Amino acid sequence: MYTNVWLPGVLNGVIAAGEVRRTSRTAPAMNVQEYETEYVVELAAPGMRKEDFELNINGEGDLKIRMERKVQEQPQHARYLRREFAYSNFEKTLTLPDDVDRDKIGATVADGVLTVHLPKVNPAAAQVARQIEID
């Protein structure tokens, strides 16, 4: 059986240096579903409110999701012994498929989940092939 002697020493050094807290913060979990008439993006955001989000379409036509929440002040007569849940800010840009109707995108926040609805354009309106009349 192979054992790696240096690995526990490296992990102890990382923990002692306080690196675990910094590297354990991850981006919120995200789901993307496709339906016949729309795409649905769900972003896990426990404790976040509607006011904490900003969604917009950038100059390239991509969806930019940004969330920011001010870190709550520590109670005056207490100190944190362990603090794990805190998304202070997050930003993600999603490249949207060509069949998304960018004028009809909508979003809601409920039960700690941001849900973004990306309706698809009407397939008949999205047809590229057509007969061109000659004047």
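**Figure 1. Strands β3 and β4 form an antiparallel pair in this predicted model.** Strand β3 covers residues 53-57, and strand β4 covers residues 63-68. Five bridges link the two strands. Two facing pairs can be picked out. Phe53 stands opposite Met67 of β4. Glu54 stands opposite Arg66, also in β4. The two strands make a hairpin, with five residues between them. Find Gly61 in the turn: its phi is positive, at about 85 degrees. Strands of a sheet pair through backbone hydrogen bonds, in either a parallel or an antiparallel way.

**Figure 2. Three strands make an open sheet in the order β3-β4-β5.** The pairing in this sheet is antiparallel. Which strands are at the edges? They are β3 and β5, and each pairs on one side only. Strand β5 spans residues 89-94. From one strand to the next, the twist averages 10 degrees. Now look at β4 and β5. They pair in the antiparallel sense, over six bridges. Glu68 has Asn89 of β5 as its bridge partner. Leu63 has Leu94 of β5 as its partner.

**Figure 3. Strand β4 has one covered face and one uncovered face.** Which residues lie on the covered face? They are Leu63, Ile65 and Met67. The uncovered face carries Lys64, Arg66 and Glu68.

**Figure 4. Four strands make an open sheet in the order β1-β2-β7-β6.** Here too the pairing is antiparallel. Strands β1 (30-34) and β6 stand at the edges. Each has a single partner strand, so one side of each is left without a neighbour in the sheet. Neighbouring strands are turned by 15 degrees against each other on average, direction ignored. Zoom in on β1 and β2. Strand β2 covers residues 38-44. Five bridges join it to β1, and the two run antiparallel. Met30 stands opposite Leu43 in β2.

**Figure 5. Thr115 is a buried residue of strand β7.** Why does Thr115 count as buried? Its relative accessibility is 15%, and buried means under 20%. Which residues does Thr115 touch, not counting those up to four places away in sequence? They are Val40, Val41, Glu42, Gly106, Ala107 and Thr108.

**Figure 6. Asp111 sits in the loop between β6 and β7.** Strand β6 covers residues 106-110, and β7 covers 113-119. Is Asp111 buried or exposed? Asp111 counts as exposed, because its relative accessibility is 80%. Its backbone deserves a look as well. Phi of Asp111 is near 55 degrees, a positive value in a residue other than glycine. Most residues other than glycine have a negative phi.

**Figure 7. Thr95 lies in the loop between β5 and β6.** Thr95 is exposed, with a relative accessible area of 66%. Compare its position with that of Asp62. In sequence, Thr95 and Asp62 are 33 residues apart. In space, they are 4.8 Å apart, C-alpha to C-alpha.

**Figure 8. The charged end of Lys120 sits over the ring of Tyr39.** The charged end is 4.8 Å from the centre of that ring. How many aromatic pairs does the structure hold? It holds zero.

**Figure 9. The whole chain has two helices and seven strands.** Along the sequence, the pattern is α-α-β-β-β-β-β-β-β. The chain has 135 residues, and 19% of them count as buried. Take the contacts between residues at least 6 apart in sequence: 49% of them join residues at least 24 apart.

**Figure 10. Confidence in the predicted chain has a mean pLDDT of 77.** In this chain, 66% of the residues reach 70 or more.

Key
Residues are numbered from 1 along each chain as its sequence is written. This is a predicted model: local features need pLDDT of at least 70, side-chain atom pairs count only at pLDDT 80 or more; totals for chains, interfaces and linings use all residues. Side-chain values use heavy atoms; hydrogens and water are left out. Rings of Phe, Tyr and Trp (its six-membered ring) pair if their centres lie within 6.5 Å; planes under 30 degrees apart count as stacked, over 60 as edge-to-face and the rest as tilted. A charge sits over a ring if NZ of Lys or CZ of Arg is within 6 Å of the ring centre and within 35 degrees of the ring normal. Two strands pair if DSSP finds at least two bridges between them. Axes are lines fitted to C-alpha atoms, for helices over the stretch in contact, and angles run from 0 to 180 degrees between N-to-C directions. pLDDT is the predictor's confidence in each residue, from 0 to 100. Buried means under 20% relative accessible area, exposed over 50%, partly exposed in between (1.4 Å probe, protein chains only). Contact means heavy atoms within 4.5 Å.
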